[in-house]
Amino acid sequence: MLPTGFRKVLVHNVRELEVLLMQNRKFCGEIAHGVSSKKRKEIVERAQQLSIRLTNANARLRSQENE
């Protein structure tokens with residue numbers, strides 16, 4: 001359990017994110033390490049649409065914008 005009260009679930013693709021739709025008050029998603037930046041962007045956009053909290057939403061997106 002995180003200090004915010006959420007439990008963490010590892011997400012590899014958008015389909016796994018949609019499992020959290022009904023439990024978005026108890027669980028938050030964490031994007032897996034091996035996910036590409038293209039898929040990561042899709043996951044972040046879909047999480048915003050479903051109002052699901054992500055712990056590492058800005059992980060690889062920030063580094064590419066700086067280049």
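Two residues are said to be in contact when heavy atoms lie within 4.5 Å. The structure is a predicted model, in which local features need pLDDT of at least 70 and side-chain atom pairs count only at pLDDT 80 or more, whereas totals for chains, interfaces and linings use all residues. Residues are numbered from 1 along each chain as its sequence is written, and side-chain values use heavy atoms, with hydrogens and water left out.

Asparagine 24 lies in the loop between helix H1 (14-18) and strand S2 (27-31); helices (H or I, at least four residues) and strands (E, at least two) are DSSP runs numbered from the N terminus. With a relative accessibility of 18%, asparagine 24 counts as buried (buried is under 20% relative accessible area, exposed over 50%, partly exposed in between, with a 1.4 Å probe and protein chains only). Apart from neighbours within four places in sequence, asparagine 24 is in contact with Phe6, Leu50, Ser51 and Ile52. Its side chain reaches the backbone oxygen of serine 51 at 3.3 Å.

The buried residues of helix H2 (residues 37-50) are Arg40, Ile43, Val44, Ala47 and Leu50. They cover an arc of only 130 degrees around the axis (taken from the directions from the helix axis to the C-beta atoms), which puts them on the same side of H2. The face turned away from this buried side carries the exposed residues Lys38, Gln48 and Gln49.

Notes
Polar contact = N/O pair within 3.5 Å; in protein donor to acceptor, adjacent residues only side chain to side chain.
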